[in-house]
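Hi everyone, thanks for making time. I'd like to walk you through one structure today, so please have a look at it with me.

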Amino acid sequence: MSAPSAHDVCVIGGGVTGAGIARDLSLRGLSVLLLEKGDWGAGTTGSSSWMIHGGPRYLEFDWNTTRLSTQDAGYIVSIARNMVYRVAFIIPVLPHDKNNIERMETAMEVYDRFQPLKKAHPHVRLTAEEARQAEPGLSADVIGAVTMEEWGVDPHRLVFANVQDAMAHGARALNHTRVVDLLRDGGKVIGVRYRGSDGAMSEARARVVVNAAGPWVPEISGMAGAQVHLRPAKGIHIVYPHRISNFSISAESIDGRDLLLVSHAGFTLLGTTDDDFYGDLDSVDVLEDEVDYLLQAFERVFPSIRSYRPVRTTAGVRPTLFKWRRYEDELSRRYQVIDHAPDGAEGLVTIAGGKLSMYRLMAEETSDVVCRKLGHEAPCVTATSPLPGNESDLEPADAFGRRTGIPALAAIRLQSRHGSNAEVVIKAEYPGRMVCRCEPITEAELVHAARHEQVRSLADAFRRVGLAAGPCAGTGCVLRAAGIIGTELGWSASQRFDAAREFVRGAWLGRAPVLGHSGWAQEELAAGALRGLRN
Ligand SMILES: Cc1cc2nc3c(=O)[nH]c(=O)nc-3n(C[C@H](O)[C@H](O)[C@H](O)COP(=O)(O)OP(=O)(O)OC[C@H]3O[C@@H](n4cnc5c(N)ncnc54)[C@H](O)[C@@H]3O)c2cc1C
């Protein structure tokens, strides 16, 4: 084992919370080590609904969370302009819904008071005819609707932008690096023991260790003998590789819960369930009856839903704070910063609970606690400091595309991921040849991701640049991508095939619950193609 490195702070967990904390502390001038056992944003953050929202639902039972997350969403959308986009909802009302149109509009009138905090527009009330005109897919039974505006974001890119900025300010950030134990001096926590991506064990000393491990928080605090109680709740989504509606739409499920169909830039998420979870956090499966629960709810408001072909599902576990008795979806999304000194674990700080939409605020409060412990005085600047690629205004995408020789859609996607740094990506490497016919990713971006964005596998490339996220689900592009990334990382021919096969196998679990007949046929074809090419 090599000699331990030394840092002011070690942050465990590279989801949005840990990445936000690493950025905040680095900008305050502390030396930071950030460790993530998988890839950046591959935990709960990547399985979210991709929304920076205020949560009108919480108004009924947790008013303050709506206020805080709306306020923080306002900061996030101004520091991450290239990554965010407006998501317009229609909330249809059907006879016998738990909320009639008057009640729904009253709720929206209250939510409107918060909307300016996140630069969103107030609601509009629609008649049934107006609603169906705007969204022809709506059921003929709809009796009225209200609109609502939220923000969408690619959570993987949001996490990575925070990691990038932390590194630009001196942090060391390692993905595929698992913390296996905490170093102790008596009761005091003085660092971490970790296994790196090459399998080697190392130690790092830190004056404070921050536990930002999302649903894994209790496992990390348990390493220091401290208990944190969560009530983890599983949520799944069905993913369609294109837009299936003009608007995002809400629906009431059979048990009265609110579900959402969210139209993102080039794909649609249908979700989400919210169920107490007692299983293995590293292996969260999607069940076919969960898929049916979602489809049943949406069929009522959007009757053609079953005719669209999903490409995969996602599953994640919310790190919700513990509370006895309440139904899962009525649990507060509050968060708690815990200094474990009174538990006999001086030097360990945990951040638990919360939401993606207020990760910046959670990071600020956690960093305040860390700075107080270290006697370090420096203000938080993350509410106003732009994330990388947001320092200047973007050139219009069509002009950027023409100038760099890539199609307009590829230019839009590139700018949404890299902001004003898109220029560097396309200029420095290959020309703008496309990797896939259905998802506009350039070879240049893949090369850049392998060289500069810690991509070590095709699954990492899926998160970093959206590889295989389109309708082909990888059938048309994983081998080519394995060739491009493999060249950068020095993979042999057989390692490239293995990488492609590993990706297909990994994607399989998420796809199986939504495969219809044509899906199974496509799956067989893809598996056969890989087998054939390998032999
Ligand atoms: C289905 C679903 C939909 C959601 N939708 C939204 C939404 O639209 N908007 C919103 O605001 N919120 C949403 N949420 C909530 C939000 O996603 C989470 O609150 C947030 O992403 C949690 O981020 P985190 O960084 O705390 O946890 P995570 O993203 O889980 O990050 C923790 C990280 O710690 C790492 N880790 C664990 N153990 C170790 C170890 N030993 N060593 C190193 N690393 C380790 C994990 O690999 C993981 O990447 C949703 C949640 C779910 C489940």
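Let's start at the ligand, with Lys37: one of its backbone N or O atoms lies 3.0 Å from a nitrogen atom of the ligand. Keep in mind as we go that this is a predicted model.

How much of the ligand does the protein bury? Taken alone, the ligand exposes 1000 Å², and the protein buries 96% of that.

Now let's look at who is standing around it. There are 38 residues around the ligand, and the ones that come nearest are Thr17, Glu36, Thr45, Met51 and Ser357. What kinds of residues make up the shell? It divides into 14 nonpolar, 19 polar and 5 charged.

Which elements supply at least two residues each to that shell? They are helix α1, residues 16-27, and the strands β8 (178-185), β11 (233-240) and β16 (312-318). Among these, β16 gives the most, with 3 residues.

The axes of α9, residues 397-404, and α10, residues 408-418, come within 8 Å and cross at roughly 110 degrees. An angle from 65 to 115 degrees counts as roughly perpendicular, so that is how α9 sits relative to α10. On the α9 side, the contact is made by Ala397, Phe400 and Gly401; on the α10 side, by Ala411, Ile412, Leu414 and Gln415. Sorted by type, the residues of this contact come out as 5 nonpolar, 2 polar and no charged.

Then go to Gly271 and Thr272, which are joined by a cis peptide bond with omega at about -10 degrees. Where is Thr272 found? It is in the loop between β14 (268-271) and β15 (275-276).

That's my tour, and I'm happy to take questions!

Methods. Residues are numbered from 1 along each chain as its sequence is written. This is a predicted model: local features need pLDDT of at least 70, side-chain atom pairs count only at pLDDT 80 or more; totals for chains, interfaces and linings use all residues. Side-chain values use heavy atoms; hydrogens and water are left out. Axes are lines fitted to C-alpha atoms, for helices over the stretch in contact, and angles run from 0 to 180 degrees between N-to-C directions. Helices (H or I, at least four residues) and strands (E, at least two) are DSSP runs, numbered from the N terminus. Angles under 35 degrees count as roughly parallel, over 145 as roughly antiparallel, 65 to 115 as roughly perpendicular and the rest as oblique. Contact means heavy atoms within 4.5 Å. Ala, Val, Leu, Ile, Met, Phe, Trp, Tyr, Cys and Pro count as nonpolar, Asp, Glu, Lys and Arg as charged, and the others, Gly among them, as polar. A residue is near a molecule or strand if one of its heavy atoms lies within 4 Å of it. A polar contact is a pair of N or O atoms within 3.5 Å; within protein, one must be able to donate a hydrogen and the other to accept it, and residues adjacent in sequence count only if both atoms are side-chain atoms. Accessible areas come from the Shrake-Rupley method with a 1.4 Å probe; for residues, only the protein chains shown count as cover.
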